[in-house]
Amino acid sequence: MNQDDLFFMAEALVEAEKALVLDEVPIGAVIVYKGEIYARGHNLRESLADPTAHAEIVAIRKAAAKRGSWRLHGMTIYVTLEPCPMCAGALVNARLDRLVFGAFDPKAGAAGSVMNIVANEHLNHRLSIEGGLCSEQAGELLTRFFQRKR
């Protein structure tokens with residue numbers, strides 16, 4: 001990991017803060033291409049009444065629309081929480097090159113914690129993975145959100 005990784009994860013944390021303001025689970029994502037933010041997303045499941053409106057899916061949809069293709073080769077996604085199985089599958093299907101995530105998800109993480117969909121050798125595409133970047137900040141947002149709910 002390098003300074004660029006820290007910068008882009010900080011931008012994903014900004015997206016997570018946007019979700020928190022909307023009373024959504026605070027997870028944010030940014031997709032980077034050639035050193036620049038190509039697309040952004042944060043959780044919108046409650047706002048859109050859409051179970052698939054996770055931060056990663058929102059960002060992937062924006063990036064694919066911008067590129068005019070579902071193939072997102074050459075791109076890295078930064079997300080504040082380890083992707084769930086649905087999002088991990090979407091990352092593989094979108095052909096992203098790299099995943100950098102913040103907090104590990106020991107209950108539903110699909111990039112190494114519970115399972116590893118994004119690097120599964122049986123699938124037709126794999127991403128390189130780096131986890132734990134800014135995990136304390138990402139985890140703090142989640143803790144704050146769920147404390148408010150209890």
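Visitor: Which residues is H125 in contact with, leaving aside its neighbours within four places in sequence?
Guide: Happy to start there, and please keep in mind that this is a predicted model. H125 is found in the loop between strand 4 (98–103) and strand 5 (128–131). Once neighbours within four places in sequence are set aside, its contacts are V92, R95, L96 and V118.

Visitor: Is H125 buried or exposed?
Guide: A residue counts as buried when its relative accessible area is under 20%. H125 has a relative accessible area of 12%. With that value, H125 is buried.

Visitor: What separates the C-alpha atoms of H125 and L13?
Guide: Along the chain, H125 and L13 are 112 residues apart.

Visitor: Let us step back to the whole chain. In what order do its elements run from the N terminus on?
Guide: The chain holds 5 helices and 5 strands. Read from the N terminus, the order is α-β-β-α-α-β-α-β-β-α.

Visitor: Why is the chain called as compact as a globular protein of its length?
Guide: The C-alpha trace spans about 40 × 35 × 30 Å along its principal axes. For 150 residues the globule rule gives 15 Å, and the chain is as compact as a globular protein of that length because its radius of gyration is close to this, at 14 Å.

Visitor: What share of the contacts between residues at least 6 apart in sequence join residues at least 24 apart?
Guide: For context, 50% of the 150 residues count as buried. Contact here means heavy atoms within 4.5 Å. Among contacts between residues at least 6 apart, the share joining residues at least 24 apart is 56%.

Visitor: How far apart are the centres of the positive and negative side chains?
Guide: There are 17 positive and 18 negative side chains in the chain. The centres of these two sets are separated by 5 Å.

Visitor: How many salt bridges does a search of the whole structure find?
Guide: One of them joins the side chains of E11 and R40, at 2.6 Å from N to O. E11 lies in helix 1 (residues 3–21) and R40 in strand 2 (residues 36–42), so this pair ties together parts that are 29 residues apart in sequence. E11 is buried, at 18% relative accessible area, whereas R40 is partly exposed, at 27%. In the whole structure, the search finds 9 salt bridges.

Visitor: Which residues are linked with E11 and R40 in a network of salt bridges?
Guide: The network contains E11 and R40 themselves.

Visitor: How many residues apart in sequence are the parts tied together by E17 and R144?
Guide: E17 forms a salt bridge with R144, and their closest N and O atoms are 3.7 Å apart. E17 lies in helix 1 and R144 in helix 5 (residues 135–149), so the parts they tie together are separated in sequence by 127 residues.

Visitor: R144 also pairs with E140; what separates these two in helix 5?
Guide: The closest N and O atoms of the E140 and R144 salt bridge are 3.4 Å apart. Both residues count as partly exposed, with E140 at 40% relative accessibility and R144 at 34%. They are 4 residues apart in helix 5, so the separation is about one helical turn.

How values were computed: Residues numbered from 1 in each chain as written. Predicted model: local features only at pLDDT ≥ 70, side-chain atom pairs only at ≥ 80, totals over all residues. Heavy atoms only, no water. Rg over C-alpha atoms; globule rule 2.2 N^0.38 Å. Buried < 20%, exposed > 50% of the residue type's maximum accessible area, 1.4 Å probe, protein only. Lys, Arg positive; Asp, Glu negative; His and termini not counted. Charge placed at Lys NZ, Arg CZ, Asp CG, Glu CD. Salt bridge = Lys/Arg side-chain N within 4 Å of Asp/Glu carboxyl O.
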